[in-house]
Amino acid sequence: MTPLRSSRARLRGATTVLAVLAALGTSVVAAAASPAAAKDVSYRGYHVRVPASWPVVDLTANPGTCVRLDRHAVYVGHPSDAGQASCPPGIVGRTDALVIEPLDAKSRQKMDSSTRVAPQGSATAAASGTKRESPGRIREAVPAAGVLVTASVGAHETTVQGILDGARLDDDAKATAATPGTAESGQEATPAAAAVAAQPGTYTGLGFDPCAAPSSSQMSAWSASPFRAIGVYISGISAACDQPNLTASWVQTQTSAGWHIIPIHVGLQAPCNNFSHKVSYTLSTAAGQGRSEAQESMSAAAALGLPAGSVLYNDMEAYDQTDTACSDAVMTFLSAWTEELRAGGYLSGVYSSAASGMADLAGEYTAGTYTMPDHIWFARWNGAADTDATPYVPDAYWADHQRIHQLSGDTDETWGGVTINIDRDYLDVDTGPFAGSCSANLDFAQYTSVSAGSSGGLVSAAQCLLLRQGRYSGAVDGVFGSGTTTAVQSFQSTVSLPVTGTVDSHTWTALLSAGTKPTLQSGFTGTDVKRLQRALIAARGQTLAIDGDFGAATTSAVKAYQTAQALTSDGIVGNATWSALQAGK
């Protein structure tokens, strides 16, 4: 296996034959195609009209089928544990598809505040007024027919919404209550007192990542395996497998049994890739996308009971690293992802191939242009159970128990009589603190100079900022010792400031503004505005609230700074203004 390709980006052969059913008793009917190249699909009295080319798969008749959302299809019935265990772990991307299952105790576990509920007697639910569960998914309960419909959304949301809006009922429809229920009898009970710790926690050893979370009984069978960590897709518009087992109860059950969870977000992909959902080449937009994806992943993590302090890994598939604009967009996106996760109390991880995403991150590790993630997870299928990423990532980077190596994959393994298709991983992870994960106060009315012998909150802030730049590896203890001096000198050299070892106004300005360069102006809010406000205080020595609100006072401060730097004084913070701040001017 060449390290130049991500395992998740490989083209894989199909492992499942989709069964197209013209009729199966009275429960499933796929009518002949109409002149408009569409066909009517009926299940339990619920009718939808879909493109004629979509296969219809009866999961009761074909229980070994993987419900995968990267292909057009209509799946009817409950996905089975064996079927989802057969899903190739490397499939990424989502297209238009439907899963229609009985509305019973099992499917009700999927219902939450984002589930739309059709009124009694109706086959359709209002599209407005309900928070979306995911940008790539619409879920509707239809009590009048006793079905739960999950629509996967690819590039054409209007097409999927039109299919749902055109649903109808027939005389076979039988009403069922839509109230979320409890777990089916026979499922493993959730331990009552177990609290989920930050994941993946502290662990050195083997792990695996399947496409869909196995059932609790399958996980129990795999206690006979050498694995004690599992990668789980918790969020993202490019997640390609249905997740019938993934609930907060499942997470608590597995962590209580000693499993370490690796939470994965597979969302927007590099703009030079062929996926439907991509990061923008426009850097300010890419930064906004990174923050939005982080918010989505944190919401999903919280809903699953994964607490703050957990590492959430962004799955960025292999891309053309020779495309500089593409690399810049990816680095901007991942930097904003990391900053937003830290602001929300989570830690940042990035999964990618060793030769693309990892090489790009390593190339920027000491540059100070982007905020580096806390953990890396690199795909390098050499079969070695270690965390060696050379020559793509130097051993000195992410060296403090911050690595996962995906060493092989797309293979069936059987433990305890249960077969699952997996990628293999080797973990060396810890809970930190890591570079960038410090929690020192950064907000001060003035940023006065500190140097060797200084102590207090400003020193802690400087140490924290130097940690984020990968310059400092000591304790954030507020004591300005020799290690802090060396770190300051290293940073000053990088940004072409006089190498004095003293954190003066210029060094403060460069440290406080370091990161991405999103365009900001009046009316904007958020963590990037706070970063700007701190840097302006350091640069101008003026009074300014650090509230994350780009109002009149911030506009005035920006204009004053721009005038002093001979920049266009328009109050809009673009690349030129950020560059001046990050140079310590």
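**Notes on the predicted model**

1. What covers the buried residues of H12? The cover includes helix H6 (283-303), helix H7 (324-343), helix H11 (505-513), helix H13 (552-564) and helix H14 (575-582). Helices (H or I, at least four residues) and strands (E, at least two) are DSSP runs, numbered from the N terminus. Buried means under 20% relative accessible area, exposed over 50%, and partly exposed in between (1.4 Å probe, protein chains only).

2. This is a predicted model, in which local features need pLDDT of at least 70, side-chain atom pairs count only at pLDDT 80 or more, and totals for chains, interfaces and linings use all residues. Residues are numbered from 1 along each chain as its sequence is written, and side-chain values use heavy atoms, with hydrogens and water left out.

3. Helix H12 (residues 527-540) is largely enclosed by the rest of the structure, because 10 of its 14 residues are buried. The buried residues of H12 are Asp528, Val529, Arg531, Leu532, Gln533, Arg534, Ala535, Leu536, Ile537 and Ala538. The end C-alpha atoms of H12 are 20 Å apart, in agreement with the 20 Å that its 14 residues should span at 1.5 Å a residue; the expected span is 1.5 Å times one less than the number of residues. Just after H12, Gly541 has a positive phi of about 65 degrees.

4. The largest nonpolar core has 41 residues, and those touching the most other members are Tyr447, Val503, Trp508, Leu532 and Leu536. Helix H9 (457-468), H10, H11, H12, H13 and H14 are the elements that give two or more residues to this core. H9 gives the most, with eight residues. A nonpolar core is here a set of buried Ala, Val, Leu, Ile, Met, Phe, Trp, Tyr and Cys residues joined through side-chain atoms within 4.5 Å.

5. Leu532 is in contact (heavy atoms within 4.5 Å) with Leu520, Phe550, Thr554, Val558, Val573, Trp578 and Leu581, leaving aside neighbours within four places in sequence. A second, separate core of 32 residues includes Ala213, Met219, Trp222 and Ile420.

6. How do H10 and H11 pack? The axes of helix H10 (residues 482-494) and H11 come within 11 Å and cross at roughly 80 degrees. Axes are lines fitted to C-alpha atoms, for helices over the stretch in contact, and angles run from 0 to 180 degrees between N-to-C directions. The two helices are therefore roughly perpendicular to each other. (Angles under 35 degrees count as roughly parallel, over 145 as roughly antiparallel, 65 to 115 as roughly perpendicular and the rest as oblique.) Val488, Phe491 and Gln492 of H10 meet Thr507, Ala510 and Leu511 of H11 in this contact.

7. Ala514 sits in the loop between H11 and H12 and is buried, with a relative accessible area of 11%. Not counting residues up to four places away in sequence, Ala514 touches Gly368, Gln469, Arg531 and Gln582. The C-alpha atoms of Ala514 and Gln469 are separated by 8.1 Å, although the two are 45 residues apart along the chain.

8. Over the protein, there are 14 helices and 19 strands. Buried residues make up 56% of the 585 residues. Of the contacts between residues at least 6 apart in sequence, 67% join residues at least 24 apart. In strand E9 (residues 137-142) lies Arg139, which counts as buried at 6% relative accessibility.

9. Two peptide bonds deserve a look. Gln199 and Pro200 are joined by a cis peptide bond with omega about 0 degrees, and Pro200 is in the loop between strand E11 (168-169) and strand E12 (203-209). The bond from Thr390 to Pro391 is cis too, with omega near 10 degrees; Pro391 is in the loop between strand E17 (375-379) and strand E18 (402-415).

10. Arg44, a residue other than glycine, has a positive phi near 55 degrees; it lies in the loop between strand E3 (38-43) and strand E4 (46-51) and is partly exposed, with a relative accessible area of 36%. His401 has a positive phi near 55 degrees, lies in the loop between E17 and E18, and is partly exposed at 34% relative accessible area.
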